[in-house]
Amino acid sequence: MIRIRTSRRPSRTSGQLKGLPSADACRVLEEMFHVEASKLFAPPPESTDHDVPTFDLEAEIAMTAHEAHDDAGAAAASSVSDPTVDQLRDDVHALARNYGRLAARGVWRKAKNLREEVQNNRDRTAVPSQQQALLILAGEASALLATAAFDLGSLDAAKRLARTAALYGETAR
């Protein structure tokens, strides 16, 4: 049985150990690991196999930080700003409010541009609440297009656009 004497003072080597520890500590380590203490404290043997990859912690940390940054950038790129959605909503609703004061051809052109802008923003976002809001706006823009098409005398296109507006509504729930 090995007895270890402990001193009342804490050891403060903090990486400043020169040589081997005390003889008592060496005996304990040799008993625990079944290896000579001199081998435990020796530098690691050099590998003769150059194909074995070495682990570079700094490179791993840098790569992980880079990947996390790219992922965050992709997440940010997969959404649109809430003010953009709000502005589109305001534009569609303003066009609907002013419909009676505008020529059908002008409403058609503005509603078509708004629907395309809504669609472009829908393609850019993966946020469910933004998707739903943009689906509703696409339906409203399609309803405006249907009304303008009717006023311009294109009944078949007006029916198709009205069904499109209804389909957007169903999809948005």
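Buried means under 20% relative accessible area, exposed means over 50%, and partly exposed lies in between, with a 1.4 Å probe and protein chains only. Asp86, with a relative accessible area of 38%, is thus partly exposed.

This is a predicted model, in which local features need pLDDT of at least 70 and side-chain atom pairs count only at pLDDT 80 or more, while totals for chains, interfaces and linings use all residues. Residues are numbered from 1 along each chain as its sequence is written, and side-chain values use heavy atoms, with hydrogens and water left out.

## Overall make-up

The secondary structure consists of 7 helices and 0 strands, where helices (H or I, at least four residues) and strands (E, at least two) are DSSP runs numbered from the N terminus. Along the sequence the pattern reads α-α-α-α-α-α-α. The protein has 173 residues, of which 23% count as buried. Contact means heavy atoms within 4.5 Å. Among contacts between residues at least 6 apart in sequence, 64% join residues at least 24 apart.

## Salt bridges

The structure holds 3 salt bridges, each defined as a side-chain nitrogen of Lys or Arg within 4 Å of a carboxyl oxygen of Asp or Glu.

| Pair | N to O distance |
|---|---|
| Asp24 and Arg27 | 2.1 Å |
| Arg89 and Asp86 | 2.9 Å |
| Lys159 and Asp156 | 3.9 Å |

Asp24 and Arg27 are 3 residues apart in helix H1, so about one helical turn separates them. Arg89 and Asp86 are likewise 3 residues apart, in helix H4 (residues 82-97), and about one helical turn lies between them. In helix H7, Lys159 and Asp156 are 3 residues apart, again about one helical turn. An α-helix has 3.6 residues a turn, so residues three or four places apart point the same way.

As for accessibility, Asp24 is partly exposed at 32%, and Arg27 is partly exposed at 46%. Arg89 counts as partly exposed at 28%. Lys159 is partly exposed with a relative accessible area of 44%, whereas Asp156 is exposed at 61%.

## A nonpolar patch

Leu20, Met32, Phe33, Val35, Leu40 and Phe41 make a nonpolar surface patch of about 540 Å². Patches are made of residues with over 30% relative accessible area and no salt bridge; like charges are joined within 9 Å, and nonpolar side chains (Val, Leu, Ile, Met, Phe, Trp, Tyr) within 5 Å. One member, Phe33, belongs to helix H1 (residues 23-33). Phe33 is partly exposed, with a relative accessible area of 47%.

## Asn121 in helix H5

Helix H5 (residues 104-124) contains Asn121, which counts as buried at 6% relative accessibility. Leaving aside residues up to four places away in sequence, Asn121 touches Val80, Thr84, Leu88 and Leu134. The side chains of Asn121 and Arg124 are joined by a polar contact of 3.0 Å. A polar contact is a pair of N or O atoms within 3.5 Å; within protein, one must be able to donate a hydrogen and the other to accept it, and residues adjacent in sequence count only if both atoms are side-chain atoms.

Helix H6 (residues 128-151) has 24 residues and reaches 35 Å from its first C-alpha to its last, close to the 34 Å expected at 1.5 Å a residue. The expected span is 1.5 Å times one less than the number of residues in the helix. After H6 comes Gly153, whose phi is positive, near 90°.

Ala138 is found in H6 and is buried, with a relative accessible area of 1%. Beyond residues up to four places away in sequence, Ala138 touches Arg115, Val118 and Tyr168. Its C-alpha atom is separated by 9.1 Å from that of Thr164, 26 residues apart along the chain.

Thr171 lies in helix H7 (residues 155-172). With a relative accessible area of 47%, Thr171 is partly exposed. The side chain of Thr171 reaches the backbone oxygen of Leu167 at 2.8 Å.

Note on methods. Accessible areas come from the Shrake-Rupley method with a 1.4 Å probe; for residues, only the protein chains shown count as cover.
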